[in-house]
Amino acid sequence: MKLSLEQQQYYAYTASREVDPALDTVIFVHGTAMDHSVWCHQSRFFAYHGYNALAIDLPGHGQSDGDSMDSIEGYARWLNELMGPWLGRRHHLVGHSMGSLICLEAAGDRHAKAPLLASLSLVGFCFPMTVAPVLLDAARDRPEEAYAMMTQWSHASPIGGEPNPGFWSTGNQYRLMENSRHGAVFTDLTACNTYQGAPGALEGTNCPILFLSGIQDRMAPCKLAKRTADEHPSAEIALLPDCGHNLMSESPDGVRDALIRFIRENP
Amino acid sequence: MPQPTRTRFDTLALHAGQVPDPRTGARAVPIYQTASYVFRDSEHAASLFNMERPGHAYSRLSNPTVSVLEERVAALEEGVGGIATASGQAALHLAIATLMDAGSHIVSSSAIYGGSHNLLQYTLPRFGITATFVSPRDVDAIRAAIRPETRMIFGEVLGNPGNDVLNLPVVAELAHEHGIPLVIDSTFTTPYLIRPFDYGTDIIMHSATKFLCGHGTVIGGVLVDNGRFNWEQSGKFPTLSDPYEGFHQMSFDEESSTGAFLLRARREGLRDFGACMSPTTAFYVLQGLETLSVRMDRHVANTRRVIEFLQDQDAVENVSYPELPEHPDYHLAQSLLPRGAGAVFSFTLKGGREAGRVFVESLQIFSHLANVGDAKSLVIHPASTTHYRMSEADLLEAGISPGTIRLSIGLEDADDLLEDLSRAIHRSRKAAS
């Protein structure tokens, strides 16, 4: 479905379901140079099991208008404005990688109308989300090199063998980034690299938080997620074995099952 | 953090798509010879069928052994995914049936495999899908043949049997100017000799029967999706961009930004037409893939020896191989196929049809049969076998004369192949005189 905000059109995948105002909503936010389709299995489950599922394309990504942003705060403000009609009802935020920072910032934004945020799931999260200079330079000057680095670093195994029949996850992730709009990978990585707001956002977040990480994540090491989780009284952490940063593809059932349990436990 | 390198071809050929079986530790890919899979409970079953979770429900749709092959070929081609089919012909049919409806049109190279020609020329028109055949070397003719209802351009990297080299970058650009995909049969070249996606191809098909398997033991096909083509932006592919009543109103290009074609091909094409690959076939093709680069290097090296030999024979009228300077596509082949122009080529013996008949029947190591891409060397007379349904005019358009002989060079000792050819040429000359 298309959502309008300030004369721009933004896309949200709903698994071809009509949005039902009577249902709680799970909002999925993708990471750097990705789009809604990274959540296909998880969002589709919620859409068919008693929730509205909205897997959005961030500005300048996928089928959404606008330009990518170089700050997490900018994305979070946009998310809260776009999701305004849903934020007055019970809803859950789920973000991956850069999307996890956006969700955290959006949840902690005291000015946002988000009193009914039921839960926050941060997948592939770490703070600080420092980006290696070699990657940032490549993203600015030689994006194909950046795509290759991120693709390799994002997978626990370089040889695949992932659960989605017929798909080569490494190639799929590379192509998603390659299909992203010019400059998106650099602005997104810049947003991750410069974001400092996590402690304040965590302080302003009242709902339960799930940190979900791959044990072999080299992009967002799980020890950093664990350190953050340990500091927050309403946080818990779940670790997925044999899994890197591309959790939704490498362990779709693991992510899905963790989200189901957590979201159902926190209605 | 050290900068990562992409996993290289030979490693992918051996490993991509497989982790050792967690229960048994089996190093080889197990053959999951099963039709179906036990569901954990009703919700598990429902979620599999509704694509809420990945996995296997029924082997017509997917199978663990077949999935390893699909993933491995996709990795070697640097695509986003693949679909294995019962044959190369099934792969071509699946691509067409996924992309178009009655009323659609295909622009095809005229230099294609006879079986593909049959499908496009004679069979698909019964279902309302027509094709125009044009010389793969005539880009203007390809352009002129595109109509508003054209839904793909189809060709082979190396045309069959004349080895016409399709100018992939130019034809891909032409296709994309018209909002349609370039679908390429890369059977003769394999991902080791060329990756057509590097030159703008959108969908690759292989007859896995040939070099991918490499041992002449099974029949199979594979489709690989590049993941770059924007089906929605094109506006010409409602099967991929409009809600599909046959699968919960799913819009495949919303479901997967990169794999819409693969999803529809599997969820409709394999489901309804059913031309899936068997797990045992997939195992044999996987065994072949493990040695693909080693075999292709040897195929090409042996081919070069045979070409050199044939060129020196008085009885040989001409040899058609893109690495020869006199071949019309020599420069294009040097650019697109630096590792070699394959191991299948044609030549013409002086003395016409009778000399050709005696030659073929005199060979002792070369096997006279209708196949290519075997580890064993093969020979065939196209005009009376693979292309026998084509008219004389169509044969000439495809670069085939009545005396054309096609060789598929295998992995034997090249000296033995040369002795076999020498003997057969001698006998054919005696017969002709």
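This is a predicted model: local features need pLDDT of at least 70, side-chain atom pairs count only at pLDDT 80 or more; totals for chains, interfaces and linings use all residues.
User: What makes β1 and β8 of chain A the edge strands?

Analyst: Start with the order of the open sheet, which is β1-β2-β4-β3-β5-β6-β7-β8 in chain A. Strands β1 (2-5) and β8 (235-240) each pair on one side only, and that makes them the edge strands. Neighbouring strands of this sheet are turned by 25° against each other on average, direction ignored.

User: How do you know that β5 and β6 of chain A pair?

Analyst: Pairing calls for at least two bridges. Six bridges join β5 (residues 91-96) to β6 (residues 117-123) in chain A, so the two strands count as paired. They run parallel, and H92(A) stands opposite S119(A) in β6(A).

User: Which strands does helix α4 of chain A touch?

Analyst: Helix α4 (residues 98-108) packs on the sheet and touches β3, β5 and β6 of chain A. Its direction makes about 145° with that of β5(A). Helix α1 (residues 40-47) of chain A packs on the sheet too, touching β2 (8-13), β3 (25-29) and β4 (52-56).

User: What makes a residue of chain A count as in contact with chain B, and how many do?

Analyst: The C-beta atoms of the two residues must lie within 7 Å. By that test, 36 residues of chain A are in contact with 45 residues of chain B. On the chain A side, α7(A) gives the largest share, five residues. The residues of that side divide into 17 nonpolar, 13 polar and six charged.

Technical notes:
Residues are numbered from 1 along each chain as its sequence is written. Chains are lettered from A and ligands numbered from 1 in the order in which they are written. Helices (H or I, at least four residues) and strands (E, at least two) are DSSP runs, numbered from the N terminus. Axes are lines fitted to C-alpha atoms, for helices over the stretch in contact, and angles run from 0 to 180 degrees between N-to-C directions. Ala, Val, Leu, Ile, Met, Phe, Trp, Tyr, Cys and Pro count as nonpolar, Asp, Glu, Lys and Arg as charged, and the others, Gly among them, as polar.
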